[in-house]
Amino acid sequence: MDWKPEINELYEKVTSQVPEAFRDAVKPMLRQAAEKAAILRNSAYVSEDDLLSSLFDITPEAFKPTVVSDLENLGIATGKYIELSEIRKDYSRTWDEISGAFLPGVYHFTMFLTDRCNQKCMHCAAENPIHRPELSTEQWIQIIENVEQTLRKRGRRGCYIWFGGDPTLRKDLKDLIKYCGEKGYYQAVSTNGMLFTEELAKLCAEVKMSHVFISFDSVYPERAAKIRGVPKAYEAAEKAIKLALKYGHFVICTATVQKTNFDELDEIKQLMESWGVIPYFRAVIKQRSAAVNWDEIGLSHEEYKKFYEFKYKHVVEAIRKGEGSSLNKFYTYDMVPFMECPINIKELTALEWGVGCQACRSVSGIDINGDFFPCDYPSELTLGNVLKQPFDEIMESQLFKDIRDRKRIGKCASCHHLELCGGGCRVHAECETGDFFESFPYCWHEMDHKHEEIAEVPKEKEIPASK
């Protein structure tokens, strides 16, 4: 975890106010709490908000008035940080109730186990015409341990998403699932549902799998068959969804938004919610099969903007109605540009950990040979190989940090939305421009205006200082 000089200086000022008898105990406690707060924002840097809200996290109630007084002596208004401390606790509890794997700070990895698939989707970003050699069970376990132990040293955990192709075509998938189950590691499976059997659903439940992704691209069976290249694709997905629900799984249905289903986004959302599953919409990327079929399935600039409006308007409206703590991660979490402006710290907390590009922050991919993709989509850019080198070495590389810290070129580099937006989808930018760091090609935003600063908490919410 990185500390900028000005935050370190503030840390020293704040802790200098602690009575000397307690200072040696408080300093490491505050540093650890501040770093944990930064992790929950999926950030690599401790901010002033992280530091000062954490101070109230670790301070017993009886001593909080004294802390308020000490901070005010330093010229620091405390209301915002008291409020932020409570807000962040509420959001952490909300995600934990869904599944620990969705706590901000958990790093999700798409594990490309195989190139083989039993469907031929028009939009596939992972399709490979030549099936490459696959790693053994033991090699995947080696990769998992490399990644998990590195993250644990950093106060984080991984979530391993079995992917492909379709992972159900791997005969040892159950062995990998059992291994992670025995270790207590977070894991999920992402499948088209065709081979998601009752036996597999039961096993996933027995090992307490975090969640199940099932692809679902249309409410119309004939259209689903065309999009996925096989008859009965709709029926296979529906059967898998109901099997997963039968065994108590948290189910997320992933819909790839493209020209062929753009007219039914509301219908997909309504059907999924009526079944009791979470719809997760992702825009098609001009890659591999999708690139071949782009004229038929690719989104126009105007459609991309409408998709953005569809995806976020309900989220922001719900947050402003005070319903943010009940929102599921997947309504917000995405690599789509994010140009809404939080108007207070509660809105910011509800959004900042999961909007915009998450490459090298909370999502990445591991290819069939162990190559490390910065995003969960395959990319031409790889950062190393987690079968052949320590994951810590990759995380400490300048390239990893530049992607994580949202360093961009072109229009995105100077945009006032960059901190939350991250420049939109990096793989999309790479596919369109040839450069992973280039500006998002479908952005409609113009830098011809300014935004107001986030409002602070009213003074009456502060804890009275002791007299």
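**Largest pocket.** I looked up its lining and found 35 residues, with Arg-41, Leu-348, Glu-352, Glu-419 and Leu-420 nearest the centre. I took a pocket as an open set of points on a 1 Å grid over the protein atoms alone, where a 1.4 Å probe fits, with protein on both sides within 12 Å along at least five of seven lines; lining residues have an atom within 4 Å of a point. Helices H3 (48–58), H5 (79–98), H16 (345–351) and H19 (418–421) each give two or more residues to this lining. I noted that H19 supplies the largest share, 3 residues. Helices here are DSSP runs (H or I, at least four residues), numbered from the N terminus.

**Basis.** I worked from a predicted model, in which local features need pLDDT of at least 70, side-chain atom pairs count only at pLDDT 80 or more, and totals for chains, interfaces and linings use all residues. Residues are numbered from 1 along each chain as its sequence is written, and side-chain values use heavy atoms, with hydrogens and water left out.

**Helix H14.** I recorded 20 residues (301–320) and a reach of 28 Å from first C-alpha to last, close to the 28 Å expected at 1.5 Å a residue, where the expected span is 1.5 Å times one less than the number of residues. I found a bend of about 35 degrees at Tyr-312, taken as the angle between axes fitted to the seven residues ending there and the seven starting there. Tyr-312 is also among the buried residues of H14, which include Phe-307 and Val-315; buried means under 20% relative accessible area with a 1.4 Å probe, protein chains only. Just after H14, I noted Gly-322 with a positive phi of about 85 degrees.

Definitions and conventions:
Buried means under 20% relative accessible area, exposed over 50%, partly exposed in between (1.4 Å probe, protein chains only).
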